[in-house]
Every structure is written in C-alpha cells, then in structure tokens.
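Please look over the sequence and the model before reading on. The paragraphs below go through the fold from the whole chain down to single residues.

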Amino acid sequence: IAILYCNNDQWFPTKHASDLKQLKDILTPRHFSIELEHAPNLVHDFIVRPQMVPTAVNFCTKAIQRAEGMLRRERRKSKL
C-alpha cells in the first residue's frame, strides 16, 4: 500500500499518518508493506491543479517500481 498525503487533508489528517507509522510494523506481515510519503506542496484536490500532477505521478511511479522490486525478490526466494 502506498499513501501520498498532504497537509490538512480532510480525508487523511496528518495524525492518521503518524498512527500508521507507529503501527505499521505490527500491522504488516513480512511480505507486505505500507509506504507513507508526505508532500507538503500538495493539496487535496491536486488532480485539478496542473502544477501538482508531477508530484503525484512521481510518487505513483516510485511506488510501482518498489512493488515490482518486492515481487521480484519474493519470486527469487521462492525458487530457492
């Protein structure tokens, strides 16, 4: 799971991010991860603000690449 959050978002207050960071080791099994990234220049309705789209696209691209890397490592382990 990858979560990109911004300041003062009504759907994901910063306190939720702090709570998840504290609990993520307990909540996530070894092969599952929660990645949290704060984007201070982002606002909740970023998708309608062209200047904010690159931040979201970069985050999504990095999250997909991390997930692909995790899958590759798991496949290699399972073949051993």
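What follows takes the overall layout, then the core, the cysteines and a few selected residues.

The model is predicted. Its chain contains two helices and two strands, and from the N terminus on these elements follow the order β-α-β-α. The C-alpha trace spans about 45 × 30 × 15 Å along its principal axes. The radius of gyration of the chain is 15 Å, whereas a compact globule of 80 residues would have one near 12 Å. Buried residues account for 22% of the 80 residues. The accessible surface comes to about 6,200 Å², and carbon and sulfur atoms hold 59% of that area. Of the contacts between residues at least 6 apart in sequence, 57% join residues at least 24 apart.

Which residues make up the largest nonpolar core? This core has seven residues: Ile-3, Tyr-5, Phe-12, Ala-17, Leu-20, Ile-34 and Leu-36. Strand β1, residues 2-5, and helix α1, residues 14-27, each supply at least two residues of the core. In soluble globular proteins, nonpolar side chains tend to be buried together.

A search of the whole structure gives one aromatic pair. Tyr-5 and Phe-12 form this pair, with 5.4 Å from centre to centre and 55° between the planes, which makes the arrangement tilted. Edge-to-face would need an angle over 60 degrees. Both Tyr-5 and Phe-12 are buried, and both belong to the largest nonpolar core. Beyond the residues up to four places away in sequence, Tyr-5 touches Phe-12, Ala-17, Lys-21, Leu-36, Glu-37, His-38 and Ala-39. Among these, Phe-12, Ala-17 and Leu-36 are also listed in the core.

The cysteines come next. How many disulfides does the structure hold? The structure has zero disulfides. Cys-6 is in no disulfide, and the nearest cysteine sulfur, that of Cys-60, is 14 Å away. Cys-60 is likewise in no disulfide, its nearest cysteine sulfur being that of Cys-6 at 14 Å. Is Cys-6 buried or exposed? Cys-6 counts as buried because its relative accessibility is 3%, and the cut-off for burial is under 20%. Cys-60, by contrast, is partly exposed, with a relative accessible area of 41%.

Ala-2 lies in strand β1 and is partly exposed, with a relative accessible area of 37%. The C-alpha atoms of Ala-2 and Glu-35 are separated by 4.7 Å, although the two residues are 33 apart along the chain. Leaving out residues up to four places away in sequence, Ala-2 touches Glu-35, Phe-59 and Ala-63. Lys-62 lies in helix α2, which covers residues 53-79. Ala-2 and Lys-62 are 60 residues apart in sequence, and their C-alpha atoms are 9.6 Å apart in space. Lys-62 counts as partly exposed because its relative accessibility is 38%.

Glu-37 lies in strand β2, residues 35-38. At a relative accessible area of 25%, Glu-37 is partly exposed. Apart from its neighbours within four places in sequence, Glu-37 is in contact with Ile-3, Leu-4, Tyr-5, Phe-59 and Lys-62. Glu-37 and Ser-78 are 41 residues apart in sequence, and 30 Å separates their C-alpha atoms.

Thr-55 is another residue of helix α2. Its relative accessibility is 22%, and therefore Thr-55 counts as partly exposed. Neighbours within four places in sequence aside, Thr-55 is in contact with Leu-4, Ala-39, Asn-41 and Leu-42. Thr-55 and Ala-67 are 12 residues apart in sequence, with 18 Å between their C-alpha atoms.

Definitions and conventions: Residues numbered from 1 in each chain as written. Predicted model: local features only at pLDDT ≥ 70, side-chain atom pairs only at ≥ 80, totals over all residues. Heavy atoms only, no water. Phe/Tyr/Trp six-rings, centres within 6.5 Å; stacked < 30°, edge-to-face > 60°. Buried < 20%, exposed > 50% of the residue type's maximum accessible area, 1.4 Å probe, protein only. Disulfide = S-S within 2.5 Å. Core = buried A, V, L, I, M, F, W, Y, C linked by side-chain atoms within 4.5 Å. Helix = DSSP H or I, 4+ residues; strand = E, 2+ residues; numbered from the N terminus. Contact = heavy atoms within 4.5 Å. Rg over C-alpha atoms; globule rule 2.2 N^0.38 Å. Areas by Shrake-Rupley, 256 points an atom, 1.4 Å probe, with all protein chains shown as cover.
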